[in-house]
Amino acid sequence: MSGTSMTTRAWLLMLPLLAVMIAVIGWPLIDTIHLSFTDAKLVGTAGNFVGIDNYVKTITGSNFQRTLVTTAKFAIISVFAEMVLGVLAALLLNQEFRGRTMLRGLMILPWALPTVVNATLWRLIYNPEYGALNAALTQIGLLDAYRSWLGEPGTALASLIIADCWKNFPLVALIALAALQAVPRDIQAASLVDGAGPFARFRFVTLPYLAGPLMVALVLRTIEAFKVFDIIWVMTRGGPANSTRTLSILVYQEAFSFQRAGSGASLALIVTLLVAVLAAAYAALVRKTAGSNT
Amino acid sequence: MLKSKRNALLGATLVGAFFATNAYAETTLNALFMAQAAYSEADVRAMTDAFTKANPDVKVNLEFVPYEGLHDKTVLAQGSGGGYDVVLFDVIWPAEYASNKVLVDVSSRITEDMKKGVLPGAWTTVQYDGASYGMPWILDTKYLFYNKEILEKAGIKTPPKTWDELTEQAKAIKDKGLLATPIAWSWSQAEAAICDYTTLVSAYGGDFLKDGKPDFQTGGGLDALKYMVSSYTSGISNPNSKEFLEEDVRKVFENGEAAFALNWTYMYNLANAGKDSKVAGKVGVVPAPGVAGKSEVSAVNGSMGLGITAVSKHPDEAWSYITFMTSQAVQNQYAKLSLPIWASSYEDPAVTAGQEELIGAAKLGLAAMYPRPTTPKYQELSVALQQAIQESLLGQSSPEDALKAAAENSGL
């Protein structure tokens, strides 16, 4: 079969999927881009063309800049912690011991929980009046009195990050654990015979096999963390004093609470652009690591 | 042969009857309520069951969301084209809902009997620009609840009549070691905080807007926030108030961990007679206090109404459901968690029995209800004020600066 007819056939086979993608992603995206140049309200009027007004107002607004910093903090810290915890958990679960299968199963549980359930759970744990965290910390003497974890700007974001980590590190662990199965046992044995210490073995034998899959996990988690909405909406609604308001919450407020669909769309597109840049940077990194492996 | 024909006929009749009943019960109403304060979910379900029993041709699908999701859910459903026939709406939304055509004008459907029977204050809940966008349903304001036992132990004879007296009494309770933080408020970054703030604004004789421009940053508006901050920093208010919603306040109060609490009507019977309440039988309620020389009592209009959405295909059935839910008979029957909108109900022993104290407070409180600003941009103003309140409580900003910033960010 010639190359051209292969290409034609491939395109023909892809056509239904492409049509669906254009319908559910392409069209709304174009519509959103159009909206972002108007002053449309959510309900009622279609709005007038206002040029790049929405973008200028959004980017120069103090809300956007402050929220961008909060989002970046949340994403960087939570993803970093999830990667470290995930790899450590995977290394542990890769050892031979009794009950390993059960532990592996249990580990997935937090990740399998719906985010809203997870958020509600952690809100109970952090409750300032009867929360489990306060009870535990006062009983072991680390804390004199119950305190408000989600009500203080100093601890609210950190508390959210912990809740997010608890939910999402299992995904990283799962990916890392799968990758660990590919590390050849003979190389491990050989390095042991050669007298390599545990750190050297991890760095030179295990890590090269983990790098690629971990990069994928990193991309996925960073994009997700940058778009974070539900866990924060349920736990703090962006408070106290907007110290945990992320970009997605700002988009929601602008487009739905304030019903300014136009400027909400411009904000949403800026967030999309930021995430796309991140994704592209990671994709380049993934290609590079994949290239160095082969 | 004849027999089989008869059977076939019988069968056809049965099938026909089956389809006929189906065709008969064909109107389905979708209604959106809240799962928070006022009537409980069980109450709303029971009222609705009574309605469908009386109107078998109408089926009502009920959906309950937390108050925090009520506005956005209503607007989003409308924006996406489908949605609800009947929605519960807060007193602060008719301006926006009317300008954006979320609700339909029902002024022509309101009868003379309704106009005469319903308390005048209740009507302000559903009106904007001279038109009515629904029927008032939940007539509510924030009252000052107190724990009689704790006040007695502290040697306090009468509950506070002014906000300064509240401060003094709370200090006395704190100094006697009865409670570390005697007052509980709902100051979470939410509408709840605005309701507490509005109560104080009304006490201090402040204004939200003057000629459509923010006016809360000086005078009574500023005094109200200053009172909140001093109550918070002096240690007489529960510091966790800044993450409390109304339900958190109720739990703290029911556990006997607050001597005073500001909350809606529904807390009275739950705290005073609820089986989970540790303070049952010890709950006192008075109108929120006033300020010497400025006001006797204070109150926020926290009422809510039921309206028909502009996208509803069954406005007539929706209206008959609304008139049923807001009827005096139904409201009198379920008057334990929310008080009726009907003036004569307050003299009806069936309504007042067992809650004379609440009715007494309601007569004064409901008459003093102060509105939050009526503007289509209310949501923006509210979010800006929530931030100002929290920043002042946390000491990130002075009340003056915080309110000035809120005025600038309010979009007005």
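Predicted model: local features only at pLDDT ≥ 70, side-chain atom pairs only at ≥ 80, totals over all residues.

Reply: A residue is called buried here if 20 or more other C-beta atoms lie within 10 Å of its own C-beta atom. The buried ones are Leu247(A), Ser248(A), Ile249(A), Leu250(A), Val251(A), Tyr252(A), Gln253(A), Glu254(A) and Ala255(A). After the helix comes Gln259(A), which has a positive phi, near 60°.

What does α11(A) give to the side of chain A that touches chain B? In total, 21 residues of chain A are in contact with 25 residues of chain B. Of the chain A side, α11(A) gives the most, with three residues. By class, that side of chain A holds nine nonpolar, nine polar and three charged residues.

The chain that holds this helix has twelve helices and zero strands. The C-alpha trace of chain A spans about 75 × 75 × 30 Å along its principal axes. Of the 294 residues in chain A, 32% are buried. Among contacts in chain A with a separation of 6 or more, 70% are between residues 24 or more positions apart.

One residue elsewhere in chain A can be followed in the same way. Ala217(A) sits in helix α9, residues 198-226 of chain A. Is Ala217(A) buried or exposed? Ala217(A) counts as buried because it has 23 C-beta neighbours inside 10 Å. With neighbours within four places in sequence left aside, Ala217(A) is in contact with Leu171(A), Val172(A) and Ile175(A). By contrast, Thr58(A) is 159 residues from Ala217(A) in sequence and 31 Å from it in space, C-alpha to C-alpha.

Another pair of helices in chain A involves α7, residues 153-180, and α4, residues 100-112. The axes of α4(A) and α7(A) come within 7 Å and cross at roughly 130°. The two helices are therefore oblique to each other, and α4(A) passes α7(A) in a left-handed crossing. From α4(A), Met107(A), Ile108(A), Pro110(A) and Trp111(A) take part in the contact. On the α7(A) side they meet Trp166(A), Lys167(A), Asn168(A), Pro170(A), Leu171(A), Ala173(A) and Leu174(A). This contact has nine nonpolar, one polar and one charged residues.

In chain B, an open sheet of five strands runs in the order β2-β1-β3-β14-β6, with mixed pairing. Its edge strands are β2 (58-65) and β6 (135-138) of chain B, each pairing on one side only. On average, neighbouring strands of this sheet are turned by 30° against each other, direction ignored. Strand β1 of chain B, residues 27-34, runs parallel to β2(B) and is joined to it by eight bridges. Leu32(B) has Glu63(B) of β2(B) as its bridge partner. Helix α2 of chain B, residues 41-54, packs on this sheet, where it touches β1 and β2 of chain B. The direction of α2(B) makes about 170° with that of β2(B). Helix α13 of chain B, residues 315-325, also packs on the sheet and touches β1, β2, β3 (86-90), β6 and β14 (304-308) of chain B. The direction of α13(B) makes about 160° with that of β14(B).

Chain B has another open sheet of five strands, in the order β8-β11-β7-β12-β13, again with mixed pairing. What stands at its edges? They are β8 (183-184) and β13 (295-298) of chain B; each has a single partner strand, so one side of each has no neighbour in the sheet. Strand β7 (residues 143-147) and strand β12 (residues 283-291) of chain B run antiparallel and are joined by five bridges. Asn147(B) stands opposite Val283(B) in β12(B). Helix α8 of chain B, residues 163-175, packs on this sheet against β8, β11 (260-263) and β12 of chain B, and its direction makes about 130° with that of β12(B). Helix α11 of chain B, residues 246-254, packs on the sheet as well, touching β7, β8 and β11 of chain B. The direction of α11(B) makes about 150° with that of β11(B).

Note on methods
Residues numbered from 1 in each chain as written. Chains lettered and ligands numbered in written order. Buried ≥ 20, exposed ≤ 12 C-beta atoms within 10 Å, placed from the backbone. Helix = DSSP H or I, 4+ residues; strand = E, 2+ residues; numbered from the N terminus. Pairing = 2+ DSSP bridges. Axes fitted to C-alpha atoms, helices over the stretch in contact; angles between N-to-C directions. Contact = placed C-beta atoms within 7 Å. Nonpolar A, V, L, I, M, F, W, Y, C, P; charged D, E, K, R; others polar. Parallel < 35°, antiparallel > 145°, perpendicular 65-115°, else oblique. Left-handed = near helix turned anticlockwise from the far one by under 90°.
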